[in-house]
Amino acid sequence: MYKLLIADDEPIILIAYKRTLNKSISGLEIECANNGQEALVKFLADPNSYDLVITDNNMPKMTGMEFLENIQKYNLPKILISGTLNYQIIQQAEQYGISKTMEKPFESEDLIKIVQELLGIDESQ
């Protein structure tokens, strides 16, 4: 069983990510947050329970980058998703130990493959 935390301020996106991942990868427990601040509170309540974090960058209250900056000391894979990836964001991502960056829009298969890769899941499962 792998536990994921996904943060995005668009509920329809959260539902789509959750459905896509649960349909394609067995053994996932997915917790959702509506912004970076909520994600940080959930994460810090039990940081060792999470195996992977996925966050959108552009969110109210706290951006995804700010959330990831706050949890950079924790050794787990992190994915930053943004509609506007640029050199500065990619540099910051590397500085904060972010495993992967993804630019919207992307195919759901790409997200599935990256999650499988970061969790060390054999694609044939």
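Begin with the sheet: select its 5 strands, which form an open sheet in the order E2-E1-E3-E4-E5 with parallel pairing. The model on display is a predicted one. At the edges of the sheet are strand E2 (28–33) and strand E5 (100–103), each of which pairs on one side only. From one strand to the next, the twist averages 20 degrees.

**The whole chain**

Next, display the entire protein chain. Its secondary structure comes to 5 helices and 5 strands, and from the N terminus on the elements run β-α-β-α-β-α-β-α-β-α. Along its principal axes, the C-alpha trace spans about 35 × 30 × 25 Å. A compact globule of 125 residues would have a radius of gyration near 14 Å, and the 13 Å of the protein chain agrees with this. Buried residues account for 43% of the 125 residues. Among contacts between residues at least 6 apart in sequence, 62% join residues at least 24 apart.

Select strand E1 (2–7). Is this strand enclosed or open to the outside? Because 5 of the 6 residues of E1 are buried, the strand is largely enclosed by the rest of the structure. E1 pairs with E2 in the parallel sense over 6 bridges; to see one point of this pairing, select Tyr2, which stands opposite Leu28 in E2. With E3, E1 pairs in the parallel sense over 4 bridges, and Ala7 stands opposite Thr55 in E3.

**Thr55 in strand E3**

Now centre the view on Thr55, which lies in strand E3 (residues 52–56). Why does Thr55 count as buried? Its relative accessibility is 0%, and the cut-off for a buried residue is under 20% relative accessible area. Show the residues around Thr55: leaving aside neighbours within four places in sequence, Thr55 is in contact with Ala7, Gly64, Phe67, Leu68, Ile79, Leu80 and Ile81.

Bring the helices back into view, starting with helix H2 (36–45). H2 packs on the sheet and touches E1, E2 and E3; the direction of H2 makes about 135 degrees with that of E2. Then select helix H5 (residues 108–119), which lies across E1, E2, E3, strand E4 (78–82) and E5. H5 runs at about 175 degrees to E5.

**The nonpolar cores**

In soluble globular proteins, nonpolar side chains tend to be buried together. Which members of the largest nonpolar core touch the most other members? Of its 21 residues, select Leu5, Phe43, Val53, Phe67, Leu68, Ile71 and Ile98. At least two residues of this core come from each of strand E1, helix H2, helix H3 (64–70) and helix H4 (87–95). A second, separate core has 19 residues, including Leu14, Leu21, Ile112 and Ile121.

Return to Leu5 and display its surroundings. With neighbours within four places in sequence left aside, Leu5 is in contact with Glu31, Cys32, Ala33, Ala39, Lys42, Phe43, Tyr50, Leu52, Val53, Ile54 and Phe67.

**The loop between H2 and E3**

Move to Ser49, whose place is in the loop between H2 and E3. What does the side chain of Ser49 reach? It extends to the backbone oxygen of Asp46, at 2.8 Å. A polar contact of 3.5 Å also joins the side chains of Ser49 and Lys3.

**The two ends of helix H4**

Select Asn86, which caps the N-terminal end of H4. A side-chain oxygen of Asn86 lies 3.0 Å from the backbone nitrogen of Gln88.

**Last stop: Thr101**

Finish at Thr101, which lies in strand E5. Thr101 is partly exposed, with a relative accessible area of 29%. Residues up to four places away in sequence are not counted here: Thr101 touches Leu80, Leu85, Ile90 and Ala93. To place Thr101 against Ser82, select both C-alpha atoms: the two residues are 19 residues apart in sequence and 7.7 Å apart in space.

Notes:
Residues are numbered from 1 along each chain as its sequence is written. This is a predicted model: local features need pLDDT of at least 70, side-chain atom pairs count only at pLDDT 80 or more; totals for chains, interfaces and linings use all residues. Side-chain values use heavy atoms; hydrogens and water are left out. A nonpolar core is a set of buried Ala, Val, Leu, Ile, Met, Phe, Trp, Tyr and Cys residues joined through side-chain atoms within 4.5 Å. Buried means under 20% relative accessible area, exposed over 50%, partly exposed in between (1.4 Å probe, protein chains only). Contact means heavy atoms within 4.5 Å. A polar contact is a pair of N or O atoms within 3.5 Å; within protein, one must be able to donate a hydrogen and the other to accept it, and residues adjacent in sequence count only if both atoms are side-chain atoms. Two strands pair if DSSP finds at least two bridges between them. Axes are lines fitted to C-alpha atoms, for helices over the stretch in contact, and angles run from 0 to 180 degrees between N-to-C directions. The radius of gyration is taken over C-alpha atoms; the globule rule is 2.2 Å times the number of residues to the power 0.38.
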